[in-house]
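Subject: The two-chain model, over to you

Hi,

Here is the structure I promised to pass on. Have a look at it first, then read on for what turned up.

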Amino acid sequence: MTPLKSIYHWLDVRLGLGELVEKHLTGYLLPRNINAWYSLGSVLLVIFGIQIATGILLLIYYVPDAEKAFKSVTYIMNDVPFGWFIRLCHAVGSNMMVAVLLLHMLSVLFMGSHKSPREMNWLTGFILFNLILGISLTGYLLPWSQLSFWATTVATNSVGAIPIVGEYLMTFLRGGILVGPPTLGRFFAVHVTFLPLAIGAFIVAHLFLLERIGVSTPPFGLGETKNNWQGDSFRYQSHPGGIPFFPNYLLQDMTSILIYLAIFLTVVFFSPYIFFPPTAFVPADPFKTPAHIKPEWYFLANYQTLKVFPNELLGLMVQGAAMTILALLPFLDRSKERNPLKRPLFLSCFAGGIILYIAMAIWGHYS
Amino acid sequence: MQTSSRREFLGFCLGGLAVAGAVAVAYPILGYLTPVKTNESGDRISFAATEIPPEGAKFFKFRGTTGVVIRKQGGELVALSAICTHLGCVVQWEKEKQNFLCPCHAGRFTPDGIVISGPPPKPLERLPIVVADGVVTVG
């Protein structure tokens, strides 16, 4: 017996490894018509792993002090060996994470995978989306650049429009009346401890639900595309005669991950500054607001919505309503049909929503 | 047999790729974690001789560690590494006793760095010192 086989045997007789491999890898069957979009979850797990690893490395040199933060980031970029690489991976990775997450959610919506009995998968995913936006926003402030400072000023200012408690909430978020050193302390703590833990917990919940309920069948390439869940009792959605996760679908996962890494590293090496406007390279100056300050691309639509409505509260309420409808979609959209081509109303809303979001973002960028 | 050797070859290729990938990831991370050399405590340090009080000591950062210059009773200046040779604590100058004490395990050294008592196995390292025009240069 080779040493590797001996180790496997040693573990197998103690832990039943063979049974685990059979249950979760080779015997874990997926629908025969499964497609590449199902691998975006694995891509997101890899991105989150890279964010955690690069984040821990950045913590070694980053100083969360308003006097020293910008200098420490400059030091990481210019003096620490490969510091530029670690930091750019983290900053570019956060943008890519939001982009891939949006694609993942859109593909789930398009294939009707959010429908019952997977309401909780959708809800945990939706909460994860909000947590990812939160971790991106809080991380944005940490370099303490002009961009960080004023983007945070604008973002936290919106909270002030909420009636009665708005002012208090804004001061609470900022740790003072204006964005300043106490804000950095708060955002830093939330960014490196609370949010990563919360995201980790929701990922575990999301995966548990996936494992417990089973993978949905894509509504393409089959005669029957209706949701046949009865709602009478719990049953795991198995796929007899389907393709095994290992090695078949793992290969698709690896392909998607490598395609993602190719795109990600191309941006990191060849065009890292597409996500950095010039104000990102100037230290924060609380007395000088730069002209034309804009939020990150994924907040541009929200930014423009606030500008379109004459009243800030109204703008916030419209966004709140849109987010609530999205969160509760599986409870509202109860039709059995899952094929988008047989759901004209859904398809129109889906396409219209994407066009509106992109149009608002472009408008926000050029306004 | 042919299939098996082809599999083995592909296995080797994949293994090689995995090793290359691991090296490509590990190399920048190790580089990133390696302490950056700084110039703040360079090879030489100079300061005014008046900064060393009579029968007293002056501690300073030197080559990434701590050095000390003392003015002995006769006025002679001595430069030593302030790192105790036992377990690396920084020794303290005791003016009234005119010797060094390492507070960690009570090692004692003469003003010239020779061990008087306690666990230190070796004397304190002597550092080259030059005094010219009232300026002390160590290193």
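This is a predicted model: local features need pLDDT of at least 70, side-chain atom pairs count only at pLDDT 80 or more; totals for chains, interfaces and linings use all residues.

You'll find A:Ser145 in the loop of chain A that runs between α6 (119–141) and α7 (146–159). Is A:Ser145 buried or exposed? Buried means under 20% relative accessible area, and A:Ser145 has 2% relative accessibility, so it counts as buried. Leaving out residues up to four places away in sequence, A:Ser145 touches A:Phe70, A:Thr279, A:Ala280, A:Val282, A:Pro283 and A:Ala284.

UniProt, in an unreviewed entry, annotates residues 7–219 of chain A as "domain: Cytochrome b/b6 N-terminal region profile". In the model, that span is 74% helix and 1% strand, and its end C-alpha atoms are 43 Å apart. The unreviewed entry also gives "domain: Cytochrome b/b6 C-terminal region profile" for residues 235–367 of chain A. Residues 235–367 of chain A come out at 59% helix and 2% strand, with 52 Å between the end C-alpha atoms.

The UniProt record (unreviewed entry) lists "transmembrane region" for several spans of chain A, including 37–64, 84–110 and 344–366. I looked at two of them in the model. Residues 84–110 of chain A are 100% helix and 0% strand, and the end C-alpha atoms are 38 Å apart. Residues 344–366 of chain A are likewise 100% helix and 0% strand, with the end C-alpha atoms 33 Å apart.

A:Leu29 has a relative accessible area of 28%, so it is partly exposed. Apart from neighbours within four places in sequence, A:Leu29 is in contact with A:His239, A:Gly241, A:Gly242, A:Ile243 and A:Pro244. A:Leu29 and A:Thr217 are 188 residues apart in sequence, yet their C-alpha atoms are 12 Å apart in space.

Now for where the chains meet. The contact takes 13 residues from chain A and 8 residues from chain B. Between them, chain A and chain B bury about 870 Å², and 75% of that is on carbon and sulfur atoms. On the side of chain A that touches chain B, α3 (40–61), α4 (69–78) and α5 (83–110) each supply at least two residues. The largest share, 4 residues, comes from α3(A). By type, the residues on that side of chain A divide into 11 nonpolar, 1 polar and 1 charged.

Last, salt bridges. Side chains of opposite charge can pair when their charged atoms come close.

- B:Glu51 pairs with B:Lys58, with the closest N and O atoms 2.9 Å apart. B:Glu51 counts as partly exposed, at 41% relative accessibility.
- B:Asp112 pairs with B:Lys72, with the closest N and O atoms 3.0 Å apart. This pair links distant parts of the chain, 40 residues apart: B:Asp112 is in the loop between β7 (107–109) and β8 (115–117), and B:Lys72 is in the loop between β3 (65–71) and β4 (77–81). B:Asp112 is partly exposed, at 26% relative accessibility.
- B:Glu94 and B:Lys97 meet in a salt bridge at 3.9 Å, N to O. B:Glu94 has a relative accessible area of 18%, so it is buried.

B:Lys72 and B:Asp112 also belong to a network of salt bridges that takes in B:Glu76 and B:Arg126.

Cheers

Methods
Residues are numbered from 1 along each chain as its sequence is written. Chains are lettered from A and ligands numbered from 1 in the order in which they are written. Side-chain values use heavy atoms; hydrogens and water are left out. Buried means under 20% relative accessible area, exposed over 50%, partly exposed in between (1.4 Å probe, protein chains only). Contact means heavy atoms within 4.5 Å. Buried area is the accessible area (1.4 Å probe) that two parts lose on being put together, summed over both. Ala, Val, Leu, Ile, Met, Phe, Trp, Tyr, Cys and Pro count as nonpolar, Asp, Glu, Lys and Arg as charged, and the others, Gly among them, as polar. UniProt positions are given in the numbering used here, feature names are shortened, and annotations may be inferred rather than shown by experiment. A salt bridge is a side-chain nitrogen of Lys or Arg within 4 Å of a carboxyl oxygen of Asp or Glu.
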